[in-house]
Amino acid sequence: MKDKKQIILIIIVSILALVLALVFYLNFKETSSTSLSKSNLNYNTSVNTSNLSSKEVTSDYKITTGGEYTLTGEINTTVYIDTEETVKLVLDGVNITSTNGPAIYVANAKNVVIYLKEGTTNTITDSALYSFTDEEANGCIYSKDDLFIEGEGTLIVNANYEDGIVSKDDLVINSGNITINSKDDAIRGKDSVVITDGNFTINAEGDGIKSTDSNEEDKGYIVIEGGTFNITAVNDGIEAVTTLLIKDGDFTIKTTGNASSSSAKGLKSGKLIQIDGGTFDINTTDDAVHSDGNIQINNGNITINSKDDAVHADGMLEINGGTLNITAAEGLEATYVKINDGTINISASDDGINAGNKSSSYSVKVEINGGNITINMGQGDTDGVDSNGDIVINGGTISVTGQSTFDYDGTGTINGGTVICNGEKVTSLPNQFMGGAGTGMMPGNIKGGDKEGQTGNTQNQGGRQRMR
């Protein structure tokens, strides 16, 4: 009986040991190997219009059957579309001016394609005063269904009431030379906005490019595959309520903000920003790149001048490549900052890199595995790399110049790479004490265990400790 009880006890202890080992492994895996997966969005960029027959536009400009319609000359009323079929509008040097609602209004259609004929300039203008039957129709070009814009011509949109180009479903722009002047948002797609190419000049008193559907997980995204964008906006430059995916393109974005602006960010998302390439020149009064969730930068040349954070993620910020040149109040900020590669130059008046507890999904940590990072800090109570948790350096080269080079509440560990503080290579991370400068610096951990302080006989176990 005694032997049986011993066997049962051994089994219970073994099970508990396995559970504890699994918990440790999962925690270690989360804190040391966490990596964002790339966004995988499914979207359509074209609609077949080759089988559409050409049709004449009636004098009242009401289109009730599918087909291809060519618009030219002066039109002083709303072009109205209401059909169950696909409609293609060919803009061939047309000026559409509405005095009562949208200039182009799609009440119903399977798809609408606006084609900009090469070599033509087309101007679309609405009125500042609306008494239109559809009170939600607040766009100069307004569609309740999927809207596609393509062609090599020029489109000028003067939105005097509110928004420029609006789709209540999916909005796809494949090409064109497009200028939008809007009293509110310039380009807005509720379900999604997809831009594959084109040249865009946007002056918006609201947001530049925006998606808004937050009710469905697979909606509310923006995808940009290429194009040239010159965006000046009072509010956000580009905002996706869920995912913002940028594959390529040339972006010049300036946000100005005003007393009524709740947000004046350059790139903004509710869940994920993923940058795979492109050239960016972002100048903002608010955060330049901001996500309420995560940010992943895989490539690109990004220049930022921000009066607030340059790159801010509430969750995880992962940088796998590219070049970032940053001048900002704060450089990189997230709960978990992970840098695997890339060239990063930061000039900051507050923290250069900061990990703070903004999300329960991740440990508070700065992890550097590679790349070339240069941080120059302003005078005062500023930190080059500041973590409310741990700092782990496994590789790369990081050079910090400032009164406080590193500040951490957890552990500071160098496992590899090169760390330079104020011009001198270090083998253990200094730690700023109580926000002071110079005399409060103490070393952190190095691989293999704690290293004794150079000016005292105290070891740093990961927190801020007073030197003896």
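Biologist: Is aspartate 134 buried or partly exposed, and how do I read that?

Modeller: Relative accessible area decides it: under 20% is buried, over 50% exposed, and in between partly exposed, with a 1.4 Å probe and protein chains only. Aspartate 134 has 12% relative accessibility and therefore counts as buried. This is a predicted model, in which local features need pLDDT of at least 70 and side-chain atom pairs count only at pLDDT 80 or more, while totals for chains, interfaces and linings use all residues. Residues are numbered from 1 along each chain as its sequence is written, and side-chain values use heavy atoms, with hydrogens and water left out.

Biologist: With which residue does aspartate 134 form a salt bridge?

Modeller: A salt bridge is a side-chain nitrogen of Lys or Arg within 4 Å of a carboxyl oxygen of Asp or Glu. Here the partner of aspartate 134 is lysine 144, with the closest N and O atoms 3.1 Å apart. Aspartate 134 sits in the loop between strands E8 (121–125) and E9 (139–143), and lysine 144 in the loop between E9 and strand E10 (147–151), so the pair ties together parts ten residues apart in sequence. Lysine 144 is partly exposed at 33% relative accessibility.

Biologist: Which residues are linked in a network of salt bridges?

Modeller: The network links Asp163, Asp185, Arg188, Asp207 and Lys210. Within it, aspartate 185 and lysine 210 have their closest N and O atoms 3.9 Å apart. Aspartate 185 lies in the loop between E14 and E15 and lysine 210 in strand E18, 25 residues apart. Aspartate 185 is buried, at 5% relative accessible area.

Biologist: Which strands pair with E4 in the parallel sense?

Modeller: Two strands pair if DSSP finds at least two bridges between them. Strand E2 (residues 62–63) pairs with E4 over two bridges, in the parallel sense, and isoleucine 63 stands opposite isoleucine 81. E4 also pairs with strand E6 (residues 104–108) in the parallel sense, over four bridges; there aspartate 82 stands opposite asparagine 108. E4 itself (residues 79–82) has Val79 and Ile81 on a covered face, and Tyr80 and Asp82 on an uncovered one.

Biologist: With which residues is serine 127 in contact?

Modeller: Contact means heavy atoms within 4.5 Å. Leaving aside neighbours within four places in sequence, serine 127 touches Ser98, Thr99, Asn100, Gly101, Asn160 and Tyr161. Serine 127 is in the loop between E8 and E9 and counts as buried, at 16% relative accessibility.
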